[in-house]
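Hi everyone, thanks for coming. Let me put the sequence and the model up on the screen, and then we can walk through a few places together.

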Amino acid sequence: MSTEANTELIRRYLDAFNRRDREAMTDILADDVVEHGPHETLHGVDEILEFLDVHFEAFPDYSGQTDHVVAQDDKVVVRYTISGTHSGTYQGIEPTGHAVEWTGLVMYRIDDDEIAEIWLEADRLGLLEQLEAFDPPAHLRV
């Protein structure tokens, strides 16, 4: 596929993500897709969708905005901003009702017109600060 076609595939995936369209996401993800996250590696469509469900439950209005997209060869990199309201338990943190926002980078590898591999980095520390679950030492506050 061309870089333009790869970019369009990722845009369709991100649109399906924001619509919570599990069928469309399943069609775009390879059956044996692997996601390398900051804390764990997920294998297969079902594990990725289960991981997303946890976030959708904790932040019912969870949605992503694409800030930048760069594509080369079989890779597409997206800088994104996620926002949502903490209305459900997240990693043992009871709902705070806080509106939160965090950024991240994700790189997708496309193979045979499907997302085959994902590398994800996100500002989870910033999220925990907004949920008042972490208070950085004074010398680290900016």
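Let's start at D123: setting aside neighbours within four places in sequence, D123 is in contact with W102 and T103, where contact means heavy atoms within 4.5 Å. Before I go on, this is a predicted model, so local features need pLDDT of at least 70 and side-chain atom pairs count only at pLDDT 80 or more, while totals for chains, interfaces and linings use all residues. Residues are numbered from 1 along each chain as its sequence is written, and side-chain values use heavy atoms, with hydrogens and water left out.

Where does D123 sit? You'll find D123 in the loop between strand 6 and helix 4. Helices (H or I, at least four residues) and strands (E, at least two) are DSSP runs, numbered from the N terminus. A polar atom of the D123 side chain lies 2.8 Å from the backbone nitrogen of G126. D123 counts as partly exposed because its relative accessibility is 37%; on this scale, buried is under 20% relative accessible area, exposed is over 50%, and partly exposed is in between, with a 1.4 Å probe and protein chains only.

Now for two backbone angles. Most residues other than glycine have a negative phi. D113, however, has a positive phi, near 65°, and belongs to the loop between strand 5 (99-111) and strand 6 (114-122). E132 is not a glycine either, yet its phi is about 60°; E132 lies in the segment after helix 4 (124-130). Is E132 buried or exposed? With 63% relative accessibility, E132 counts as exposed.

Next, helix 3, which covers residues 44-58. From first C-alpha to last, helix 3 reaches 22 Å, close to the expected 21 Å; the expected span is 1.5 Å times one less than the number of residues. Among the buried residues of helix 3 are V45, L49 and F56.

Finally, the largest pocket, with a volume of about 350 Å³. A pocket is an open set of points on a 1 Å grid over the protein atoms alone, where a 1.4 Å probe fits, with protein on both sides within 12 Å along at least five of seven lines; lining residues have an atom within 4 Å of a point. The volume is the space filled by probe spheres set on the points, which are joined across faces, edges and corners. Which element gives the largest share of the lining? Helix 1 does, with five residues. L14, F17, I82, Y108 and L120 lie nearest the pocket's centre.

Conventions. Polar contact = N/O pair within 3.5 Å; in protein donor to acceptor, adjacent residues only side chain to side chain.
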